[in-house]
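Please examine the sequence and the three-dimensional model shown below. The briefing after it is arranged by topic.

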Amino acid sequence: MATKRLANLPGTTDRRIDALLTLLAENSTIVISGAKIAAEIGVTRQQVWRWIEKLRALGVRVKGHAHTGYHIERTPDILAPQMLSHRLYGTPFARRIYHFFKTDSTNSVAMRLGEAGEPHGAVVLAEEQTAGRGRAGRSWTSEKSAGIYCSVLLRPQISPSQAPLLTLVAGLAARDAAAEDLNAQPDIRWPNDLIVGNGGTGGKEKGRNGSSSGARKFCGILTEMRAEPDRVHYAVVGIGINVNQSKMPEDLAGIATSLRIETGQTHSRLELLIRLLHHLDRYYNEFISEGARPILRRFAQVSSYFEGKRVRITTATETFTGTTAGLEPSGVLRVTRDDGRGTEPVLAGDVAEAS
């Protein structure tokens, strides 16, 4: 299925590079002539050579054979739209996929698409971000072609008070997608962090042990939206997953990790992203059709932070400790304070396990 792109969106990957990459990847065991490639992607044979050189510069191993053509030595782990589109058939994410080899922030691009009227389900992907960001204005380190940097444009017919549930929907999708590549069950630290390590917690599915001390973050979610008091015009859910980083920056090594660091193996970003978007489609449809209840029920199953977790809450005005006491119907965390001031919702702030 061909993807459709909004006009005047600078920096997106040229459709001919996408087509060339897909053609070579889908015929990786055979040599394809320059003439056939030229006919398939709609350029001259001289242009084919230039595009091949461009792919090589991007790290794709393409071998040339004199008088016969080219073949790809190893299927590249590039999130090319054409390779994704047919694997996402039946979901709204198959129709509009915007890919960048480098951009500032996939969330920023998706927000611009939302303002321009782009329909529900548009996906923005980047091999590298120069200004990736997380919650509260924090930066997100985006090593080139090592992680998944993905933002999805959604147009749910919900009130802004329900928006926190979109973060939970994305967190559940990312958790289920990543679980297949990990030896331990990942945990979800409310509202938007996926963590793993030291045995993990994994929630009730593997037996909640009540401790994730030493667990490190490998995925974060940033939900942004444009809304009025009574309705959401659009929401952008950004998902960043550390996949094949072999090491983390020194200042993050104690709190962040990657799937590769945890398992000692490299992982297919393409396959992980496909699973992620299929899970996202399933959870999102469940939320829209059935409301918050199934999402809260699933969160309770897989997150040790749902209930009974000793936590330290840091907000803009105070820091306090307490014990988690489930989620509000809106997806907001409830915490019973240690200082005797009762149980209250945490509308915004950082959540950490308390010693």
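Residues are numbered from 1 along each chain as its sequence is written, and side-chain values use heavy atoms, with hydrogens and water left out.

**Confidence**

- The pLDDT is the predictor's confidence in each residue, on a scale from 0 to 100.
- The protein has a mean pLDDT of 88, and 90% of its residues reach 70 or more.
- Residues 203–212 have a pLDDT below 50, although this stretch has 34 contacts in the model beyond near neighbours in sequence; contact means heavy atoms within 4.5 Å.
- Where pLDDT is low, the predicted coordinates should not be read in detail.

**Nonpolar cores**

- A nonpolar core is a set of buried Ala, Val, Leu, Ile, Met, Phe, Trp, Tyr and Cys residues joined through side-chain atoms within 4.5 Å.
- Buried means under 20% relative accessible area, exposed means over 50%, and partly exposed lies in between (1.4 Å probe, protein chains only).
- The largest nonpolar core has 66 residues, of which L84, F218, I239, I241 and L273 touch the most other members.
- Apart from neighbours within four places in sequence, L273 is in contact with L79, L84, L125, I148 and C150.
- A second, separate core holds 24 residues, including I37, I41, W51 and A80.
- W51 belongs to helix α3 (residues 45–57); helices (H or I, at least four residues) and strands (E, at least two) are DSSP runs numbered from the N terminus.
- W51 counts as buried because its relative accessibility is 9%.
- Leaving aside neighbours within four places in sequence, the contacts of W51 are D14, R16, I17, L20, I41 and V43.
- From C-alpha to C-alpha, W51 and H71 are 13 Å apart in space, and they are 20 residues apart in sequence.

**Cysteines**

- A disulfide is a covalent bond between the sulfur atoms of two cysteines.
- It is identified here as a pair of cysteine sulfur atoms within 2.5 Å, and a search of the whole structure finds zero disulfides.

**A buried helix and a buried loop residue**

- Seven of the ten residues of helix α5 (residues 106–115) are buried, so this helix is largely enclosed by the rest of the structure.
- The buried residues of α5 are T106, N107, S108, V109, A110, L113 and G114.
- Elements covering them include β3 (97–100), β4 (123–126), β5 (147–154), β8 (216–228) and β9 (231–242).
- T257 lies in the loop between β9 and α7 (259–263), and T257 is buried, with a relative accessible area of 0%.
- Not counting residues up to four places away in sequence, T257 touches V196, R216, K217, F218, N242, M248 and E262.

- A hairpin connects β10 to β11 through four residues.
- Strand β11 (residues 319–327) is joined to the antiparallel strand β12 (residues 333–337) by four bridges, and T324 has V335 in β12 as its bridge partner.
- Four bridges also join β10 to β14, which run antiparallel, and R312 stands opposite A352 in β14.

- Strands β1 (residues 62–65) and β2 (residues 69–72) run antiparallel and are joined by four bridges.
- V62 stands opposite I72 in β2.
- This hairpin has three residues between its strands, and H67 takes a positive phi near 70 degrees.

Technical notes
Predicted model: local features only at pLDDT ≥ 70, side-chain atom pairs only at ≥ 80, totals over all residues. Pairing = 2+ DSSP bridges.
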